Amino acid sequence: MGVIYVLLTISIVVAIIFFVAFIFSVRNGQYDDVYTPSIRMLFEDELVKEPKEKSSIPTKTKQS
C-alpha cells in the first residue's frame, strides 16, 4: 500500500513540473507563430461557392 502512495506522489510532482514548464514556455512566446503571417499573402484565397438557386422551370408531370 505504501508503494501506491509513493508512486502517486511522484506522478503528481512530475505532472506539476511539466505543467509549470508548459506555462513558462507559453508566457515566453515559445508557441507564437511568427512565420505564417509573413507568407499568408502568398496563398490563394479560397473561392466562395454561391448556393444554387431553385429552377423556375416547372417539372414534367406524368399524364395518363
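1. A definition to start with: rings of Phe, Tyr and Trp (its six-membered ring) pair if their centres lie within 6.5 Å, and planes between the stacked limit of under 30 degrees and the edge-to-face limit of over 60 count as tilted. Please keep in mind that this is a predicted model.

2. With that in hand, how many aromatic pairs does a search of the whole structure find? The search turns up one. Its partners are Phe 22 and Tyr 31, with ring centres 6.0 Å apart and planes at 45 degrees, so the pair is tilted.

3. On to how open the two partners are. Phe 22 has 40% relative accessibility and counts as partly exposed, whereas Tyr 31, at 56%, counts as exposed.

4. Now the helix. Helix α1 covers residues 2-27, and Phe 19 lies in it. An unreviewed UniProt entry places a "transmembrane region" at residues 6-26. That span is 100% helix and 0% strand in the model, and its end C-alpha atoms lie 30 Å apart.

5. A nonpolar patch on the surface is worth a look. Its members are Leu 8, Ile 12, Ile 16, Phe 19, Val 20, Phe 22, Ile 23, Val 26 and Tyr 31, and together they have about 870 Å² of accessible area. Both partners of the aromatic pair belong to this patch. Phe 19, one of the patch residues, is exposed, with a relative accessible area of 53%.

6. Is Ser 25 buried or exposed? Ser 25, which lies in helix α1, has a relative accessible area of 14%, and because buried means under 20%, Ser 25 counts as buried. Leaving aside residues up to four places away in sequence, Ser 25 touches Gln 30 and Tyr 31.

Definitions and conventions:
Residues are numbered from 1 along each chain as its sequence is written. This is a predicted model: local features need pLDDT of at least 70, side-chain atom pairs count only at pLDDT 80 or more; totals for chains, interfaces and linings use all residues. Side-chain values use heavy atoms; hydrogens and water are left out. UniProt positions are given in the numbering used here, feature names are shortened, and annotations may be inferred rather than shown by experiment. Helices (H or I, at least four residues) and strands (E, at least two) are DSSP runs, numbered from the N terminus. Buried means under 20% relative accessible area, exposed over 50%, partly exposed in between (1.4 Å probe, protein chains only). Patches are made of residues with over 30% relative accessible area and no salt bridge: like charges are joined within 9 Å, nonpolar side chains (Val, Leu, Ile, Met, Phe, Trp, Tyr) within 5 Å. Accessible areas come from the Shrake-Rupley method with a 1.4 Å probe; for residues, only the protein chains shown count as cover. A salt bridge is a side-chain nitrogen of Lys or Arg within 4 Å of a carboxyl oxygen of Asp or Glu. Contact means heavy atoms within 4.5 Å.
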